Amino acid sequence: MGVYKQVLKRNFILMVIANLICGTIHMAINTNLAAYLVNEVGLTQAQFGTVGSVGGIVGMILYPLIGVFCDKFRHGVCGAIGAAILMIISFMYLQVDSFGMAVLCKCIQTAGFAFVINACLSISASSVKHELRSSAMTLYGLGSALSYFTGPQTGTKLSTALGYPTMFKVCAVIAVVGIVVFLLNTSKPQKEENVPKKKMFGIEKSALPALFLSFTILQIVFIGQSYVTISLLERGIARAALFWSIGAVVNLVFRMFMTRIINKIGINKSFYFTVSLLAVAIICIAFANNFVLVILAAVCWGIGYNGTQACNMSLAVLRAPAERVGQASATHQVGHDLGMVVWLQVAGILVLQCLERNCGDGGPSFYHQQRLCPCGQQFKGTRAQ
C-alpha cells in the first residue's frame, strides 16, 4: 500500500477524475458518431472512415506542440483548455451538414482530447518521484478504463432515448465540470539543472523507443477494436459485444496489480508477458467458435492491453528529464496516433480483399446484411453455413 499512498495524492486523484469526465465525453461522441453522421447527416461509410483517419493525422501532428505547451504552463490549465475544446465541439457537431464540416469537427475534437491526454500524462509523471513514474503510468489509466463504461453507455442511452442533440448538449455540460476539476489541479512543470538542450522540437529522444513500440504493437489493438465484434457475430456468436465488457472489467481490476508486477519483475519482462497475452487473445478470437474462447480472449485482452500500455508509457517518461515529461508523453502518443491511422487502413484493405475473394454463391451473408461487402448487395436469404 506504500506505493499507492505515494502516488494517489490530491493532484493525481483530481487528474483521474478529470480524465474520467473528459474520457466519458470523448467515448460518448466516438461510439455514436458513425450513426449520427451516416444516419442523420447523410455521410457514407467511406466518408466516415476518412473523417476518423484525418482526425488521427491531426492528433499525430499536434501532440509534439501540445507536449511543449504542457512543459511550459501549469498542467491543469492545459487540461482545462482541452475540456473547453470538447465543450465547444459538442455544440459544433450539432451544426454539421457536410463532409467538410464533419472533418473539421473531428479534427477539433482530436485536438481537444490531445490536450486532455497530454495534461493527464504530464500530471502523472510530474506529481511523483522519479522512481515511482512507472507506478503512476500504470494507475494513470484508471479514469480511461472507467470511461469505457461510462462513455458508450451515456452516449447510447441519451441518443436513443432523447436524440443526438440532447446527447451533445449533455456532453457540453459534463465538459464544464471537467474544466473546473482541471483548474483545481496545481501540478506544474518541474525543472532540472544542467540538462542539455535537445534539438528535436516537441520530440523527446529518450521516448523514441516507446513511440516505435506503441506504433508496432497497436496493429493488434486497433485491428482488434475495429473487427473483433463483427467477426464474432459473423460466426454466429450472439453475445460478441460482451467481449469488450469483460475485457474492460479485467483491465480495470488488473491495473491495481500491474504496479506491483512492474516493480517486481521490471518493465522489459512485464512488456513481453503482456504482449504475449495480446497475441493469445487474437489467436483465440481467430479460432473462436464458442463463447468460452471469447471469454478467454477477453481476459487475455484486458490484461495484455492494460499491461502493454502501462509499460510503453513508463518507458516513455522514465528516462526523460523532469522538464520534458510533457514532450516525452507526446512522443509516445505520436506512435499511438500513427498506429491508429496506418493499421486501421491496413485492416480495412485486408478485410475488403478477403470479402472480394469469398463473395460468390450468396457471399458472406452477415457482411451483406450489414452492407459491408464490397459488392454492394444486401443479402436476403438465410445465413450461409
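Biologist: Is the crossing of α2 and α4 left-handed or right-handed?

Modeller: The crossing of α2 and α4 is left-handed (the near helix is turned anticlockwise from the far one by less than a right angle; clockwise would be right-handed). This is a predicted model, in which local features need pLDDT of at least 70 and side-chain atom pairs count only at pLDDT 80 or more, while totals for chains, interfaces and linings use all residues. Residues are numbered from 1 along each chain as its sequence is written, and side-chain values use heavy atoms, without hydrogens and water.

Biologist: At what angle do the axes of α2 and α4 cross?

Modeller: Two packed helices are described by the angle between their axes and the distance between the axes. Here, helix α2 (residues 10-41) and helix α4 (residues 75-92) have axes that come within 10 Å and cross at roughly 30°. The two helices are therefore roughly parallel to each other (an angle under 35 degrees).

Biologist: Which residues make the contact between α2 and α4?

Modeller: Helix α2 contributes Cys 22, Ile 25 and Ile 29, and helix α4 contributes Ala 83, Leu 86 and Ser 90 (contact: heavy atoms within 4.5 Å). By class, this contact of α2 with α4 has 5 nonpolar residues, 1 polar residue and no charged residues.

Biologist: How many aromatic pairs does the structure hold?

Modeller: A pair of aromatic rings is described by the distance of the centres and the angle of the planes. The structure holds 4 aromatic pairs (ring centres within 6.5 Å; planes under 30 degrees apart are stacked, over 60 edge-to-face, the rest tilted). The ring centres of Tyr 36 and Tyr 164 are 5.2 Å apart with planes at 55°, so this pair is tilted. Tyr 36 lies in helix α2 and Tyr 164 in helix α8 (residues 164-183), so the pair ties together parts that are 128 residues apart in sequence. Both Tyr 36 and Tyr 164 are buried (under 20% relative accessible area; exposed is over 50%). Ring pairs also link Tyr 36, Tyr 93, Tyr 164 and Phe 168 into a cluster.

Biologist: What geometry has the aromatic pair of Phe 271 and Tyr 272?

Modeller: Phe 271 and Tyr 272 are edge-to-face, at 6.1 Å centre to centre and 65° between the planes. Phe 271 counts as buried at 12% relative accessibility, whereas Tyr 272 is exposed at 56% relative accessible area.

Biologist: How many helices and strands has the protein?

Modeller: The protein has 14 helices and 0 strands (DSSP runs: H or I of at least four residues, E of at least two). Of its 385 residues, 52% are buried.

Terms used:
Axes fitted to C-alpha atoms, helices over the stretch in contact; angles between N-to-C directions. Parallel < 35°, antiparallel > 145°, perpendicular 65-115°, else oblique. Nonpolar A, V, L, I, M, F, W, Y, C, P; charged D, E, K, R; others polar. Phe/Tyr/Trp six-rings, centres within 6.5 Å; stacked < 30°, edge-to-face > 60°. Buried < 20%, exposed > 50% of the residue type's maximum accessible area, 1.4 Å probe, protein only.
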